[in-house]
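Let's take a walk through this structure together, one region at a time. Please keep the sequence and the 3D view open as you read.

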Amino acid sequence: MTANDIVRALAAGGTADPYPLYADLHRLGEAVALTAPDLPYAATVHSYRAVDQLMRDTSFEVYDAFWLASTTPDWQRHPVLVMLMNSMMFSNGDQHLRMRALFRKVFTPRRVRRMEPEIVRITAELLDRLAELGADGAEVDYMAEFAYLLPARVVGRLLGLPDEDISWFRSQVDLINDWLDFRRKGPDVLAAADEAAAGITEYYLDLIALRRKEPQADLISDLVRAVDRGQHKVTDLELVGNLLVLFNASFSTTIHLFGNALPLLLERPATQMPAFVEEVLRYETPAHVFIRVASTDTEFLGVPLKRGQLVAVLTGAANRDPRRFPDPDRFDPSRPDNQPISFGAGTHYCLGAALARAEARLALPMVLKRFPQLALGGDPIHTDQLILHGYKSLPIVLGR
Ligand code: HEM
């Protein structure tokens, strides 16, 4: 199989088990050129070393307003594009650092530690609810009823969104995610995403105004305070873009950390937690592919790239790189020096890594403790996109 064929197979839905395709890629090298006109990327970068190096290399940028303008000159007419391009995830250089500095200042390790009792409380509430839903042996969808609700409620509390608004939020964010999914782009999808973005912008602007008047103990209040004290130059619309991205990046990934962890946990219930979570992050990482643009004509590990060409950065493959992880397809929480690259590297390194780890470390043992006889139920359904890898639904039965 050529690299083009492998990437086509991945894009065509080889996503429930992409690992044999990753192994094929590893045999071809650390980074390979793609030459097929039907593929949006000019190369894949997939070894551990190459992914780490590329994400730290400033000649590769995230897709920002500058690059978007080259393909979509009227992008500013679309609320969803304006919203995303106002965020750190879609910014480079000074603009990225300016927004990231504000969020790092208020979203600190200390704040994550302070969230821990809240995470335990929310988990206990959700397990009570699960017990009701699964009474008398009824099958329950673990993804919808637990794996999604936990990170969504946690980030909701962190930001200060009322619980009752969260399901509306999810529905709107899903419309935006549909558009972000490369295969679903189309005028209807963009129109729906635009409408959702306009609604979310209005919602957040109202909440920001409210917190400006009456601050609470939440992240939005702290962000507004830091900006109003003049320490950080970030506009309210940039706050909105970043809050959207934070909310979205938070639940849409952590849901799959919980989903992918459960079957592995049921096979080895006695595993020690932090090491188990790290190995899940390596073995079944929630997000497999990130995009970078070459900002100049360059060469990366022997692959020539022209300014503006896209590179697929496969963190999911890097975590199974046999050069970095011996016997990579074996799940082994006792691996020495286990440092998966699931949260990226360099300036865009995941802002929420500590929170995601804390959620999994605290909540997974509570699930098993509450339902020691929990077992998988009917057939699970896998996600059909590589970018987010996991289950759409994972039926479980709770046992007595
Ligand atoms: C297991 C769960 C998670 C995984 C696998 C994950 C993965 C990642 C990765 C790989 C990146 C870098 C993207 C790039 O370089 O293009 C990233 C960025 C980001 N993540 Fe996470 N993430 C997770 C959970 C979270 C949580 C819980 C939050 C928020 C509370 C969060 C917020 C963010 C933000 C805001 C960025 C953008 C940072 C920037 O551009 O400077 N993530 N995440």
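What follows is a guided tour that begins at the ligand, moves on to the nonpolar cores and ends in the loops.

One thing to keep in mind from the start is that this is a predicted model. With that said, let's turn to the ligand. Its surroundings are made up of 25 residues, and the closest are His 96, Arg 100, Arg 292, His 348 and Cys 350. By class, that shell consists of 14 nonpolar, 9 polar and 2 charged residues.

His 96 places a polar side-chain atom 2.7 Å from a ligand oxygen. For Arg 100, a polar side-chain atom is likewise found 2.7 Å from an oxygen atom of the ligand. Arg 292 also has a polar side-chain atom at 2.7 Å from a ligand oxygen. Stepping back to the secondary structure, the elements that contribute two or more residues to the shell are helix H6 (93-106), helix H13 (236-267), strand E5 (289-294) and helix H16 (353-370). Of these, H13 gives the most, with 6 residues.

In soluble globular proteins, nonpolar side chains tend to be buried together. Here, the largest nonpolar core has 96 residues, and those with the most contacts inside it are Tyr 142, Phe 146, Leu 159, Tyr 204, Phe 247, Phe 276 and Leu 364. The largest share of this core, 15 residues, is supplied by H13.

Setting aside residues up to four places away in sequence, Tyr 142 touches Ala 147, Phe 258, Gly 259, Leu 262, Leu 364, Leu 394 and Ile 396.

Now let's follow the chain past H13. Thr 271 sits in the loop between H13 and helix H14 (273-283). Its side chain reaches the backbone oxygen of Arg 268 at 2.6 Å. Beyond residues up to four places away in sequence, Thr 271 touches Phe 276 and Pro 333.

Helix H14 itself holds Arg 282. Is this arginine buried or exposed? Arg 282 counts as buried because its relative accessible area is 0%, which is under the 20% cut-off. Its contacts, leaving aside neighbours within four places in sequence, are Asn 319, Arg 320, Phe 325, Pro 328, Arg 330, Arg 335, Asn 338, Pro 340 and Ser 342. With Asn 319 there is a polar contact to point out: the side chain of Arg 282 reaches the backbone oxygen of Asn 319 at 2.9 Å.

That brings us to Asn 319, in the loop between H15 and H16. Asn 319 is buried as well, because its relative accessibility is 0%. The side chain of Asn 319 reaches the backbone nitrogen of Ile 341 at 2.8 Å. Among the residues Asn 319 touches are Leu 281, Thr 285, Phe 325 and Pro 340.

The side chain of Ser 334 makes a polar contact with the side chain of Asp 332, at 2.6 Å.

Our last stop concerns backbone angles. Most residues other than glycine have a negative phi, and most peptide bonds are trans. Leu 301 has a positive phi of about 45° although it is not a glycine. This leucine is found in the loop between strand E6 (298-300) and strand E7 (303-305), and it is partly exposed, with a relative accessible area of 32%. Asp 327, also not a glycine, has a positive phi of about 50°. Asp 327 lies in the loop between H15 and H16 and is partly exposed, at 46% relative accessible area.

Methods
Residues numbered from 1 in each chain as written. Predicted model: local features only at pLDDT ≥ 70, side-chain atom pairs only at ≥ 80, totals over all residues. Heavy atoms only, no water. Near = heavy atom within 4 Å. Polar contact = N/O pair within 3.5 Å; in protein donor to acceptor, adjacent residues only side chain to side chain. Helix = DSSP H or I, 4+ residues; strand = E, 2+ residues; numbered from the N terminus. Nonpolar A, V, L, I, M, F, W, Y, C, P; charged D, E, K, R; others polar. Contact = heavy atoms within 4.5 Å. Core = buried A, V, L, I, M, F, W, Y, C linked by side-chain atoms within 4.5 Å. Buried < 20%, exposed > 50% of the residue type's maximum accessible area, 1.4 Å probe, protein only.
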